[in-house]
Amino acid sequence: MLLMLLPAGLRRWLAHWRPAALLALGAAVVGSCATQPDALRAVPGTGQPANFPVMVYGLAKNPPDAAAFALGRRLFYDSQLSSDGRVSCGSCHQAAAAFAHPGHRFSPGVAGRLATRHAPALQNLRWRQGFLADGGVLSLELQTLAPLTSPDEMNTPLATALAKLNADPEYRRLFAAVYGPGKIDTPQFLRALAQFTAALTSANSRYDKYVRHEADGALTAPELRGRALFVAKCSGCHATDLFTDESFRNNGLDRTFAHDSGRAHITSRATDRGRFKVPSLRNVAHTAPYMHDGRFATLAQVLAHYAHGVQPSATLDPLLRQPSGRLGIPLSGAQQAELLAFLQTLTDDAFLTDPRLAPPAGPAFAKLAPLTAAARN
Amino acid sequence: MKNRSFPTLLAFLLTTTAVIFSGCKRDSDSQPTVGAISFEVKNVVDTQDLALDGTAYTATNGETFTVSTFEYYISNIKLTKSDGTTYAVPAEYRLINTAKPDSNRFTLRNIPVGSYTGVSFIVGVDSTTTKSDPLALAGALNPANSMYWAWSTGHIFLKLEGTVTSTRPNKALTCHIGGYRAPYSAIVTAAPSLNGATLVVRASQLPKITLAADVRKLFDGPTKFALSSFPTTMMPSAASVQVANNYAAGMFSVKQIQAN
């Protein structure tokens, strides 16, 4: 089937030069892995951090490229992709907040309409299995479509977005430079945006440097006690150095889930009611408010919830039921303070302030700059 | 530049492998043993052609409605011979869109010659394909066709939009059917009877099969729906499965088979 996509002449050529082509292509593939071209080095977040699991969205799926990354960055921050021209991806996903939306439980989309869930942080997306709090979206590339087309967010059908891009000579030029001449199509658009979203790697917090035995990787005694507590009490869900096991769990926010059934919204299974994707805790000190509905404004409130706010329901996660029958995670005030100290070590300032991830320069993106600056204060 | 050509190289590598395999196959069946079938589906309400111009139609229970959008996928077409053997037409995904008259006519090529007495197809998209890499979803399957759920990866298999005009006030009619997960999988197969006729495929002729797809049957099948109380169906649910079973059971009928 793939063969049919190629022009007949090329097919004949391939058929004729089969063995030679295989050898040459094999050599080229090996060669491109061994040497890191300049184009790849110019794209942030392409490395495999030593303390991370293996990437899900590997580099080969959409090879990082400086021009494609720049294009993806431009798309991410371009509010022309929304139906009223006022909302970009970057409006609700701000770099200084690890691409969450500080201060907003529900982000305003076009015409001020509110999203139904809190805008989550966007980081280390190469390692994600499924997207959205309910896991409804199966790939990083497809994730673009959810906020783009949602009537409460950017409210632009994919065909309309493609038509806008194709009507813009500058985008035509930029896409052609990366993907060759012709109309901008769905794969090009999704690939270009994923060049940017896949580059949002946060792996250089003080905690990372500590576990990798790198310079500036010292943790204080309270932070180390907090880490030991974290491993004992939190890592059952917030596992690995991504701080999530990517599972869906009911963490006892409510007794019923009439407003948002979480994973059950996708699977229609009663056993999935109230289950939501375990979020990463990287940069968690900067991603408030917390939970899928942003109900907690501070980390102290989050810890207080686990200590004494967990609500019972049929699907409550077993890890939140103590053998004694008590709900939640026993945490003294002192322990909560140590956990908070540890969570601060997950802040990756280099990521939060990476100029390569900020809105691009130019009048079209100028109005985003004050928003980003305000978020940093 | 080198890294940019990586996906292209990978595609070539896969393609080259494909060439080798298909090359082997081609050697063994060099006889002209295939023909083609012309396929047409007419969207109708009872005996009238469906129009999207505000024409009011009458459902089987007497309620009236108009239609502004009616489109659906046909895929995984299978042809059955009188001896019970079946030929599965590969990689055929068609989006029948009432607003695009040319979309309801297509030709199935490379069909093994023979006499076929049965036809079946999925009204929708198989789960493997609808979950697959979006970068491979071209043509009818392109998410830009607005037959795609962005919030829960997968295609909308059938979309009917319009207005129920027999209620006061009038009521929006919104019916998006999709989903491939139990218990609400809406992947259904239609197998309209050829009414005893035979579809004869020869290298020298192009037989034609003409089907009608009757919108009324969405609401009148194993499950009877009143339009006045029909729920807005925009995600997998018990009702969406009932609608899917309705259209699988009775929406399609074979109107004509021409030998040509």
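1. Contact between H14(A) and H15(A). In this predicted model, Leu299(A), Ala300(A), Leu303(A) and Ala307(A) of H14(A) meet Gln336(A), Leu339(A), Leu340(A) and Leu343(A) of H15(A). Contact requires C-beta atoms, placed from the backbone, within 7 Å. The residues of this contact split into 7 nonpolar, 1 polar and no charged. Nonpolar covers Ala, Val, Leu, Ile, Met, Phe, Trp, Tyr, Cys and Pro; charged covers Asp, Glu, Lys and Arg; the others, Gly among them, are polar.

2. Geometry of the pair. H14 spans residues 299-308 of chain A and H15 residues 333-344. Axes are lines fitted to C-alpha atoms over the stretch in contact, with angles from 0 to 180 degrees between N-to-C directions.

3. Chain B overall. Its secondary structure comes to 3 helices and 15 strands. Of the 260 residues in chain B, 37% are buried. Buried means 20 or more other C-beta atoms within 10 Å, exposed 12 or fewer, partly exposed in between.

4. Ala172(B). This residue lies in strand S11 (residues 171-178) of chain B. Ala172(B) is exposed because 10 other C-beta atoms lie within 10 Å. Glu161(B) is 11 residues away in sequence and 7.7 Å away, C-alpha to C-alpha.

5. Conventions. Local features need pLDDT of at least 70, side-chain atom pairs count only at pLDDT 80 or more, and totals for chains, interfaces and linings use all residues. Residues are numbered from 1 along each chain as its sequence is written, and chains are lettered from A, ligands numbered from 1, in the order in which they are written.

Methods: Helices (H or I, at least four residues) and strands (E, at least two) are DSSP runs, numbered from the N terminus. Two residues are in contact if their C-beta atoms, placed from the backbone, lie within 7 Å.
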